[in-house]
Structure formats: structure tokens, C-alpha cells
Amino acid sequence: MRRIFYLIALVACAMPAFAQPDMPRFHWENFTTANGLPDNHVFCVLVDGSRIWAGTEDGLAAYENGKWKIYRVSDGLAHRVVLSLALDKRTGDVWAGTMGGLSRLSAGRFDSFNQLNSGLANDIVYGIGVSGDFVWAATAAGASRLDTRTGQWSIFNERNTPMYEIWTYAVSPAEDKVYYGVWGGGLLEYDVKTSAWKDYNDPDGETEIVLFKDQGLIHEITTSVSYVDKIVWVATYFGASRYDGRSWHNFLQKDSGLPSNFMSFIKGVDANRAWFCTDNGLAFFDGTNWAVYRPSLETGRAEMLVRDAEGKVTRTDAESAPAHNYILAIDFQGDDVWVATAKGLSHGIRKK
């Protein structure tokens, strides 16, 4: 009997008080104007192999081999404020959406497109995406598509789509579907095979509350969309949504691990995992558990929050954090992440 008691005691001592989810942990390396960034306000980030592109309020920056190279209007960039970035993986061309048009950097040279010299719907390009031969742009006055083989442009707005608000804010193109986030107009879907458009809207029509939790898109003010593995991840100013083609699941701060309902960007890893860029930190969802990375809102010290499936939140001190808790964009470099913030660019180096 005594032997059984000792065995039970040993097992109890070996087990932790609770099994905390094994969420990714990072060492954060931050870049600002103090170490080469042209401006601390970083709108977007793009991973291009070993090269990292950052769109800032004062130019386009490329980081490679520990050094920064800056591109500005004097180099051919359409405008100094770079809002969005995309890579054509077939050609290596980098596309930059700016406050003054669309720029393509190819073989070290810029070509720029605007309302006067192309079929760009508007010079303010909030989102850009490349799929096959097509470049898709989200502008302040509708959507544009460039066929890079023929040079032909197409414009999509309230005249030829269900779009009732033309302020397109984000785009996520793929071989089968193209999704647009419309600021104040919900989500638009383009079927590549049939060329048909379809819209998704908030079913309750309320701007400040959510009446029907998982009945449709959580809000009309859509800021970002990510289409991966046939799943659409949507960010809004009032929560986030996941759509699998048949049913919706919505995320709110009060019933998830989101640190805020106000989101600027979302990026899906696969059908179950996604990253959420909010004004109160960077959040990761693994399909069950949540993790938040940020400087503490109270003390400014680095912290990590983990929320498990039962809703238990564990807050721990961290050795480092992203440059700021206002996160505007994210991209992946293997197991590492690169994060655009309101006060710098951050490299999250995954701890093994």
C-alpha cells in the first residue's frame, strides 16, 4: 500500500498544475529609423526569400544581408507612402500599392501605373495581389485587374459587380477565387471560372453590436482578407470571420483570444490557423488556442498571453516583443514572422 502511495505521489509531482498549450514563442528583433528604416510607420511587409520588403510612410525599403536599401519617388516609385506589397513569384517582380499609383519593380527598374496612363481605377492602392498572369488591385474607387500578358486592364465597381460601396481595401487572389474586402461594403467574391461576382454582408445590419453571432460576415467595414486552403479569413474593425464556403464562424474579443476587435490585417496559415493584426497586439490562433504578443498595455514590458480551449488566460513576461502593439501587417519567413507596426518593423525569430 505504501509503494502505491509513493508511485501516485511521484506521478503527481511530475505533472504540471495544468497543461499550458504549446504555442510558438519568438525572440523579437526590431528595426526603426535608428537602424536603417526610412520611417517608423510601416504599413506593409513582404517576404521575398532572404530579402524583406517594408512599405513605409517615406518610401519602400529592402533588407538583405544586414543592410537596408531605400527606394523613393526620385528612384521611380509612384508615391512615397507605400500601403501594400505583393510578389510575382514567377518573375520576381515586386508590386507596390501607394497613395499615388501602382509601381512594379522589375530588374531594378520601376514602372508606375495611375489613372492617367493605365486602367487603374484610382491612384490610392490599398491592396495588391498576384495570381498567375493577373495583378489585382484594391483602390479607393473600385477594383482593377491587369493581364500582364496582354497589358489589358479591367475595372470592377458598382456598375458591373454587386459592389454598393466602391472603397475596396484589400484583395486576396487565387486560381479559383478572388476575394475583395470592401470598407463599408462587406466581402466580394469573384469566381475565376464563371467570371461571376457574389457579395457577403453583415446579416444584422448593425454597426456597433453583433446580433447574430455566426450567421454571416461579422461586419461591413472589412479591412483585410486572406484566402488559403479554400478558407476565407476576414478582418474588420469589429471582429473577425472565418468562412469555409458553407458556414461562418466569427471571433470577438469577449469570447476568443483576440486582444481587440479592431483589426488592420489578417493572414491565414492554413484552414485552421491564422494571424490577426490588431491595435492591441499580434494574435495567433491555432484552431483551438490563442497567443498574443505585445508590449504590455500597462507597463510597456514585453509579454505573451496564452488562452486555452477552456478560456483560461495565462500571462507571462517575455524577453522581447514587437516594436509596438499597433500591428498593421504580417508575413512569414519559414517559422519566423515579420511584422509591420506603427512604430517600426519587427522580426520574430521562432524559438525551437
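Student: How many bridges join strand 3 to strand 4, and in which sense do the two run?

Tutor: Pairing is read from the bridges between two strands and from their relative direction. In this predicted model, five bridges join strand 3 to strand 4 (residues 59-64), and the two run antiparallel. Trp 53 stands opposite Ala 62 in strand 4, and a hairpin joins strand 3 to strand 4 through two residues.

Student: Which strand pairs with strand 2, and over how many bridges?

Tutor: Strand 2 pairs with strand 3 in the antiparallel sense over six bridges, and within that pairing Val 42 has Thr 56 of strand 3 as its bridge partner. These two strands also form a hairpin with two residues between them, and Gly 49 in the turn has a positive phi of about 65°.

Student: Why is strand 3 described as largely enclosed by the rest of the structure?

Tutor: Burial is judged residue by residue, with under 20% relative accessible area as the cut-off. In strand 3 (residues 51-56), five of the six residues are buried, so the strand is largely enclosed by the rest of the structure.

Student: Which strands are at the edges of the open sheet of four strands?

Tutor: That sheet has the order 1-30-29-28, again with antiparallel pairing. Its edge strands are strand 1 (26-31) and strand 28, each of which pairs on one side only, while neighbouring strands are turned by 20° against each other on average, direction ignored. Strand 28 is joined to strand 29 (residues 336-341) by six bridges, the two running antiparallel, and Phe 332 has Val 337 in strand 29 as its bridge partner.

Student: Which residues lie nearest the centre of the largest pocket?

Tutor: The largest pocket holds about 1,300 Å³ of space and is lined by 46 residues, of which Leu 85, Ile 128, Val 171, Phe 265 and Lys 267 lie nearest its centre. Among the elements that give two or more residues to this lining are strand 2 (42-48), strand 22 and strand 28 (327-333). By class, the lining divides into 29 nonpolar, 11 polar and six charged residues.

Student: How many residues line the second largest pocket?

Tutor: Its lining has 14 residues, with Val 269, Arg 273, Trp 275, Phe 284 and Arg 350 nearest the centre. The space in the second largest pocket is about 220 Å³, and its lining comprises eight nonpolar, one polar and five charged residues.

Student: Is Leu 217 buried or exposed?

Tutor: A residue in a loop can be judged by its accessible area and then by its contacts. Leu 217 lies in the loop between strand 17 (196-200) and strand 18, and Leu 217 is buried, with a relative accessible area of 1%. Not counting residues up to four places away in sequence, Leu 217 touches several residues, including Leu 187, Tyr 200, Pro 203, Val 234 and Trp 248.

How values were computed. Residues numbered from 1 in each chain as written. Predicted model: local features only at pLDDT ≥ 70, side-chain atom pairs only at ≥ 80, totals over all residues. Heavy atoms only, no water. 1 Å grid on protein atoms, 1.4 Å probe; cavity = no way out; pocket = protein on both sides within 12 Å on 5 of 7 lines; lining within 4 Å. Points joined across faces, edges and corners; volume = space filled by probe spheres on them. Nonpolar A, V, L, I, M, F, W, Y, C, P; charged D, E, K, R; others polar. Buried < 20%, exposed > 50% of the residue type's maximum accessible area, 1.4 Å probe, protein only. Contact = heavy atoms within 4.5 Å. Pairing = 2+ DSSP bridges. Axes fitted to C-alpha atoms, helices over the stretch in contact; angles between N-to-C directions.
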